[in-house]
Amino acid sequence: MSHHHWFGVECSMWSCFITPVSLISFISTLLCFFTFSPSLGPILSNNYSTLPRQSKVALDSLLASTTHALVVTPLTMYTLASGHMGTDRTVSDSTLGMVVMHTSFGYLVADTLLCLYEPGLRKVAILIHHATALIGIGMGIFNHGILMFFIVYRLISELSTPFLNTTILLYNFGATQWLLFKASACCTMVTFFVCRVLVVPWHWYEVFFCVSMPSPVLTASFKYCLCGIYLVFDLLNMFWFYSLVKASSRV
């Protein structure tokens with residue numbers, strides 16, 4: 001049986017996914033959805049109690065999403081800026097990078113289960129996004145940090161998530177005339193465009209440079225997987241940005 005290591009501790013083939021970090025992330029996501037968010041909703045707005053159940057469920061999912069983004073984004077930026085992952089784009093043994101991947105892995109597993117459990121969260125685009133992300137992150141974890149740079153770098157796009165979720169929350173609470181709503185909507189558009197759309201050419205420059213270089217660890221299957229994952233993410237982000245532009249024109 002294959003074995004992996006987590007902070008120097010040997011683990012079996014499948015238990016490499018179940019670590020303290022991924023478990024904390026998984027449990028925190030469920031607690032946010034089932035406990036913290038339903039308790040905070042009535043405090044934030046009297047409108048919460050009058051919303052239909054489907055709208056409440058959608059809003060309850062925002063807290064976990066925002067928390068994940070607030071944890072992962074600065075950690076990702078620090079990991080990349082500090083040079084913890086080295087210069088090799090194909091593989092890295094960075095502990096910080098692995099923490100980032102396990103944090104997102106735990107969150108994505110929990111949020112995927114919630115999407116399947118709650119009909120109000122069961123959106124095709126979200127399920128495609130989560131499945132693709134789990135494949136990419138799972139590949140990086142299972143194969144000892146292969147393509148870690150591309151997986152971690154991609155998570156910078158979470159910078160737009162807190163602004164987007166704040167905008168959605170204020171919109172549902174009927175606060176579209178507030179300055180906070182307008183500022184949050186503006187920040188959503190800017191961060192989403194910069195982090196998810198504007199960087200697409202640079203993304204693909206890095207991807208093509210990586211897959212064109214001979215590597216003893218980066219097999220053809222890994223190269224195809226990397227290109228496929230990036231293609232799915234970019235198509236989804238283009239679709240979502242188009243939806244944001246349309247929605248902003250109606251507000």
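**Briefing: buried polar residues, aromatic pairs and helix packing**

A polar atom in the side chain of Asn165 lies 3.4 Å from the backbone oxygen of Leu62. Such a polar contact is a pair of N or O atoms within 3.5 Å, and within protein one must be able to donate a hydrogen and the other to accept it; residues adjacent in sequence count only if both atoms are side-chain atoms. The structure is a predicted model, in which local features need pLDDT of at least 70 and side-chain atom pairs count only at pLDDT 80 or more, while totals for chains, interfaces and linings use all residues. Residues are numbered from 1 along each chain as its sequence is written, and side-chain values use heavy atoms, with hydrogens and water left out.

- Asn165 belongs to helix α6 (residues 161-172); helices (H or I, at least four residues) and strands (E, at least two) are DSSP runs numbered from the N terminus.
- The relative accessibility of Asn165 is 7%, so this residue counts as buried (buried is under 20% relative accessible area, exposed over 50%, partly exposed in between, with a 1.4 Å probe and protein chains only).
- Apart from neighbours within four places in sequence, Asn165 is in contact (heavy atoms within 4.5 Å) with Leu62, Ser65 and Thr66.
- Ser92 is placed in the loop between α2 (53-81) and α3, and is buried at 6% relative accessibility.
- The Ser92 side chain reaches the backbone oxygen of Met85 at 3.3 Å.
- When residues up to four places away in sequence are not counted, Ser92 touches Met85, His144, Gly145 and Met148.

**Aromatic pairs and charges over rings**

- Rings of Phe, Tyr and Trp (its six-membered ring) pair if their centres lie within 6.5 Å, with planes under 30 degrees apart counted as stacked, over 60 as edge-to-face and the rest as tilted. By this rule there are 13 aromatic pairs.
- Phe17 and Phe105 are a stacked pair, because their ring centres are 5.2 Å apart and their planes lie at 25°.
- This pair links distant parts of the chain: Phe17 is in the loop between β2 (9-12) and α1 (20-44), whereas Phe105 is in helix α3 (residues 95-117), 88 residues apart.
- Phe17 is buried at 14% relative accessibility, and Phe105 is buried at 14%.
- The pair Phe149 and Phe150 is edge-to-face, with 5.3 Å from centre to centre and 80° between the planes.
- Phe149 counts as buried at 10% relative accessibility, and Phe150 is buried with a relative accessible area of 2%.
- One aromatic cluster is formed by Phe149, Phe150, Tyr153, Trp202, Trp204, Phe208 and Tyr230.
- Arg89 lies over the face of Phe149, 3.8 Å from the ring centre. A charge sits over a ring if NZ of Lys or CZ of Arg is within 6 Å of the ring centre and within 35 degrees of the ring normal.
- Tyr230 has the charged end of Arg154 over its ring, 4.6 Å from the centre.

**Helix packing**

- Helices α8 (residues 200-212) and α9 (residues 220-250) pack at an angle of about 175°, their axes being 10 Å apart. Axes are lines fitted to C-alpha atoms, for helices over the stretch in contact, and angles run from 0 to 180 degrees between N-to-C directions.
- Helix α8 is therefore roughly antiparallel to α9 (over 145 degrees; under 35 is roughly parallel, 65 to 115 roughly perpendicular and the rest oblique).
- On the α8 side the contact involves Val200, His203, Trp204, Val207 and Val211; on the α9 side it involves Lys223, Leu226, Cys227, Tyr230, Leu231, Asp234 and Met238.
- Ile128, in helix α4, is partly exposed with a relative accessible area of 39%.
- Neighbours within four places in sequence aside, Ile128 is in contact with Val232 and Leu236; the C-alpha atoms of Ile128 and Leu236 are separated by 8.8 Å, at 108 residues apart along the chain.

**Positive phi in a loop**

- Most residues other than glycine have a negative phi.
- His144, a residue other than glycine, has a positive phi near 60°; His144 is found in the loop between α4 (124-142) and α5 (148-154) and is partly exposed at 48% relative accessibility.
- Leu147, which is not a glycine, has a positive phi of about 55°. Leu147 is in the loop between α4 and α5 and is buried at 1% relative accessibility.
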